[in-house]
Amino acid sequence: MRIVIDSNRMQSDELRSFLSLSSNNRAVLTDYAAMEAFKGNTLVSIQASWSVLRDFPKQMVILKGTRAAAKVDPQIAGFTNRFIDRTQTREVSNFSKVLERAARGEVLAQQRLILRGQWADDHLHGMLKKSGDMHLSISEFCAQFTDAELRRFRRQVPWKDETEKKFFDLVYHLTWQSFQSHPDKIRFPRGHHLLNHFLYRHTLAYCVYIVQLVMTGTVERKASLVRNDAVDVIFATLATYFNGLMSGDDHAEKIHHVTRFLLKQRGARVPEDYMRTYAGQIKRQMQPEDSSDPTSPLEMPLDKEPLT
């Protein structure tokens, strides 16, 4: 099993239990998880964030950034493995040694970590400045649907066929725009291969995110929250290529599960979700105080598919 790990779960007993269950299990890390781990007081925060992973140096997989992910051709066999940054994955086990040297007070190691932390802060700040440039605003999304359809969204009742068609037509249109504006001039996939392309899945996850906001009656979103939401959408998107998302954020979990469900419904290639295989085993291994955590994804019901 390979699971994308949200930054809020990197220190969890859930992650430790998952990696302990099998040496074949892998924690899949995005560049955003790493950036979040460096936030704040770098020398303190990164030591805490790596407290579990340092014990499993051979069970980590590092993904490429989103620009490189968009260049992965879904028509190639085994395309999911092309999201993996082979160089960083080989080198990540050495990172724990850097942390150990920094903890012992070695200045050079500490300086390396501080420089990485500064880069992470700068990148996240840039995301905040560009957060208003995401696909479309809540009001622009709502303009695509009738008042009756928006009321059905808010009441969380099943969609009618024409509403579903509007939604997926919008996803297709926004995906096309993403291809046209991408700096690497990526070729638009043919037929069902589009469903497996990163830009399509990211757009779908973004639209699911907007629906979630509409359902709660949200009209505007602060820029700082939009930046966090943008990261959640990326986590949710990448998790559809692996065995799910481990997160303590209910919002991110919902985006992921609904996106995963819609992709499967339309015939996309989606691996088995770890929640259906490992939930019980992990829960039994976790400490009692964690197993009752109300934000834990382990508390989510597994017998029902998510509703949009």
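This is a predicted model: local features need pLDDT of at least 70, side-chain atom pairs count only at pLDDT 80 or more; totals for chains, interfaces and linings use all residues.

Student: Good to know. And how do the strands pair, say strand 1 with strand 2: parallel or antiparallel?

Tutor: Strand 1 (residues 2-5) and strand 2 (residues 26-29) run parallel, with three bridges joining them. Within that pairing, Ile3 stands opposite Ala27 in strand 2.

Student: What handedness does the crossover between those two have?

Tutor: The β-α-β crossover is right-handed, and the chain goes from strand 1 through helix 1 to reach strand 2.

Student: Which way does strand 4 run relative to strand 1, parallel or antiparallel?

Tutor: Parallel again: two bridges join strand 1 to strand 4 (residues 245-246).

Student: Switching to packing, how many residues are in the largest nonpolar core?

Tutor: That core has 92 residues. Those with the most contacts inside it are Trp50, Leu53, Phe141, Phe167 and Leu204.

Student: Which helix gives the most to this core?

Tutor: Helix 10 (residues 198-215) does, with 14 residues.

Student: Let me zoom in on Trp50. What does Trp50 touch, leaving out residues up to four places away in sequence?

Tutor: Trp50 touches Met10, Leu29 and Met60, and also Val92, Phe95, Ser96 and Leu99.

Student: Nice. What percentage of the protein's residues are buried?

Tutor: Buried residues make up 50% of the 308 residues. As for the surface, the protein exposes about 15,100 Å², and carbon and sulfur atoms supply 49% of that.

Student: And what share of the contacts comes from residues 24 or more positions apart?

Tutor: If you take contacts with a separation of 6 or more, 71% of them are between residues 24 or more positions apart.

Student: Okay, electrostatics next. How many salt bridges does a search of the whole structure find?

Tutor: Eleven salt bridges turn up in that search.

Student: Let's take Asp55 first. Which side chain meets Asp55 in a salt bridge?

Tutor: That would be Arg16, with an N to O distance of 3.0 Å. Asp55 lies in the loop between helix 3 (42-49) and strand 3 (60-62) and Arg16 in helix 1 (residues 13-21), so the pair ties together parts that are 39 residues apart in sequence.

Student: Are those two buried, exposed or partly exposed, and what are the relative accessible areas?

Tutor: Asp55 is partly exposed, at 44%. Arg16 is also partly exposed, at 29%.

Student: What about Lys165, which residue does it form a salt bridge with?

Tutor: Lys165 pairs with Asp169, and their closest N and O atoms are 2.7 Å apart. The two are four residues apart in helix 9 (residues 161-181), so about one helical turn separates them. Lys165 is exposed, with a relative accessible area of 54%, while Asp169 counts as partly exposed at 41%.

Student: And Lys254, what is its salt-bridge partner?

Tutor: Its partner is Asp250, with 3.3 Å from N to O. Lys254 and Asp250 sit four residues apart in helix 12 (residues 250-265), which puts about one helical turn between them. Lys254 is partly exposed at 38% relative accessibility, and Asp250 is partly exposed at 40%.

Student: Which residues are linked in a network of salt bridges?

Tutor: Arg101, Arg104 and Glu106 are linked in one.

Student: Last topic, backbone angles. What is the phi of Gln156, roughly?

Tutor: Gln156 has a positive phi of about 60°, although it is not a glycine. Gln156 lies in the loop between helix 8 (147-155) and helix 9, and it is partly exposed with a relative accessible area of 47%.

Student: And what is phi near for Lys185?

Tutor: Phi of Lys185 is near 50°, again a positive value in a residue other than glycine. Lys185 is in the loop between helix 9 and helix 10, and at 64% relative accessibility it counts as exposed.

Definitions and conventions. Residues are numbered from 1 along each chain as its sequence is written. Side-chain values use heavy atoms; hydrogens and water are left out. A nonpolar core is a set of buried Ala, Val, Leu, Ile, Met, Phe, Trp, Tyr and Cys residues joined through side-chain atoms within 4.5 Å. Buried means under 20% relative accessible area, exposed over 50%, partly exposed in between (1.4 Å probe, protein chains only). Contact means heavy atoms within 4.5 Å. A salt bridge is a side-chain nitrogen of Lys or Arg within 4 Å of a carboxyl oxygen of Asp or Glu. Accessible areas come from the Shrake-Rupley method with a 1.4 Å probe; for residues, only the protein chains shown count as cover. Two strands pair if DSSP finds at least two bridges between them. A crossover is right-handed if, with the strands pointing away from the viewer, the path from the first strand over the helix to the second runs clockwise.
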